[in-house]
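Q: I have a model open and would like to talk through how it packs. Could you take me through it?

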Amino acid sequence: MVKLNRNDPCWCGSGRKYKQCHEAMDRKIESFAVKGHKVPRHDMLKTPEQVAKIKESAVINMACLDAVAEAICEGMPTSEIDRIVHETTIKMGGIPAPLNYEGFPYSVCTSVNDQVCHGYPSKDVILKSGDIVNVDCSTILDGYFSDSSRMFMIGDVDPETKKLVEVTKECCDLGLAQVKPWGFLGDVGAAICEHAHANGYQVVREIGGHGVGLEFHEDPWVGYNTLPGTELLLVPGFMFTIEPMINMGTQKIKTDPNNGWEVSTLDGKPSAQWEYQVLVTETGYEVISY
């Protein structure tokens with residue numbers, strides 16, 4: 001935290017005096033810090049102006065997923081999903097955030113069945129009846145980032161796999177309900193983990209969510225095997241993703257040794273994931289992208 005005098009300009013850039021802007025909030029944050037809780041840095045909190053720009057990016061991100069939802073079908077190669085996302089993003093003035101990110105060669109991630117995340121779109125991966133696929137879309141607009149994903153079920157999906165997709169969505173919604181100012185990230189993860197385990201599923205431990213908005217991946221890393229009252233304090237202005245990866249079988253995973261990106265379940269059983277981009281507000285939360 002930046003130490004300011006009460007009459008100094010506030011650190012948020014509002015132009016107002018500190019005492020009229022964020023001083024009271026900073027004092028409240030400090031009261032949690034002295035009790036040993038993890039608290040956010042100032043640079044982890046978004047200003048109203050930044051939120052407005054991030055929302056503009058999110059419009060494109062959600063339009064991409066809407067376009068995929070309209071087109072996705074049995075017999076479609078996942079490379080077509082990549083084309084739809086790329087063309088929609090560029091047409092609306094954005095940049096696909098995954099493209100060339102640390103060497104990732106596509107504009108979107110398409111993870112089918114036992115793929116947990118980071119699946120490569122391919123002309124050789126043809127969606128068939130019974131498949132489930134996660135489409136993970138991220139967008140840059142004028143330097144501001146949005147990030148969300150949805151699950152799609154192709155044709156006749158067997159009841160057990162359909163339940164996995166539905167319960168994973170329920171996990172996200174239960175986690176979302178725990179997002180409130182002066183609560184904790186651990187509350188979100190605990191709700192997700194409890195519901196997953198109650199349905200006989202496991203939550204991936206090595207991969208989680210993250211802060212987002214000014215960068216693709218910001219602090220903190222967000223896990224979903226947590227306890228209530230733990231992890232980062234949720235403060236108005238903090239933005240992050242809720243994106244648990246829920247496995248039907250073991251929580252253990254493996255990464256493709258050839259490309260270093262595609263992650264799959266170790267036992268070959270299905271995995272599902274939904275992702276929301278969420279802002280903590282003064283009264284609760286706002287979903288920025290879904």
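The chat below goes through a helix, a strand and the nonpolar cores.

Q: Before we start, what kind of model is this?
A: This is a predicted model, in which local features need pLDDT of at least 70, side-chain atom pairs count only at pLDDT 80 or more, and totals for chains, interfaces and linings use all residues. Residues are numbered from 1 along each chain as its sequence is written, and side-chain values use heavy atoms, with hydrogens and water left out.

Q: OK, helix 3: which of its residues are buried?
A: Thr78, Ile81, Asp82, Ile84, Val85, Thr88 and Thr89 are the buried ones, where buried means under 20% relative accessible area with a 1.4 Å probe, protein chains only. Helix 3 itself covers residues 78-91, and helices here are DSSP runs of H or I with at least four residues, while strands are E runs of at least two, both numbered from the N terminus.

Q: Why do they line one face?
A: Seen down the axis of helix 3, its buried residues fall within an arc of 160°, so they line one face of the helix; the arc is that of the directions from the helix axis to the C-beta atoms.

Q: And what do they pack against?
A: They pack against helix 2 (48-71), strand 1 (95-96), strand 2 (109-112) and strand 4 (132-141).

Q: Strand 4, then: how many of its residues are buried?
A: 10 of its 10 residues are buried, with Ile132, Asn134, Asp136, Ser138 and Ile140 on one side and Val133, Val135, Cys137, Thr139 and Leu141 on the other.

Q: How many bridges join it to strand 5?
A: Strand 4 and strand 5 (residues 144-153) run antiparallel and are joined by 10 bridges, and two strands count as paired if DSSP finds at least two bridges between them. They form a hairpin with two residues between them, and Asp142 in the turn has a positive phi of about 55°. Strand 2 is also antiparallel to strand 4, through four bridges, with Thr110 opposite Val135.

Q: Switching topic, how many residues are in the largest nonpolar core?
A: That core has 38 residues, and Val179, Phe238, Phe240 and Ile242 have the most contacts inside it; a nonpolar core is a set of buried Ala, Val, Leu, Ile, Met, Phe, Trp, Tyr and Cys residues joined through side-chain atoms within 4.5 Å. Helix 4 gives the most to this core, with six residues.

Q: Where does Val85 belong?
A: Val85 is in a second, separate core of 18 residues, which also includes Leu65, Ile72 and Ile154.

Definitions and conventions:
Buried < 20%, exposed > 50% of the residue type's maximum accessible area, 1.4 Å probe, protein only. Expected span 1.5 Å × (residues − 1). Contact = heavy atoms within 4.5 Å.
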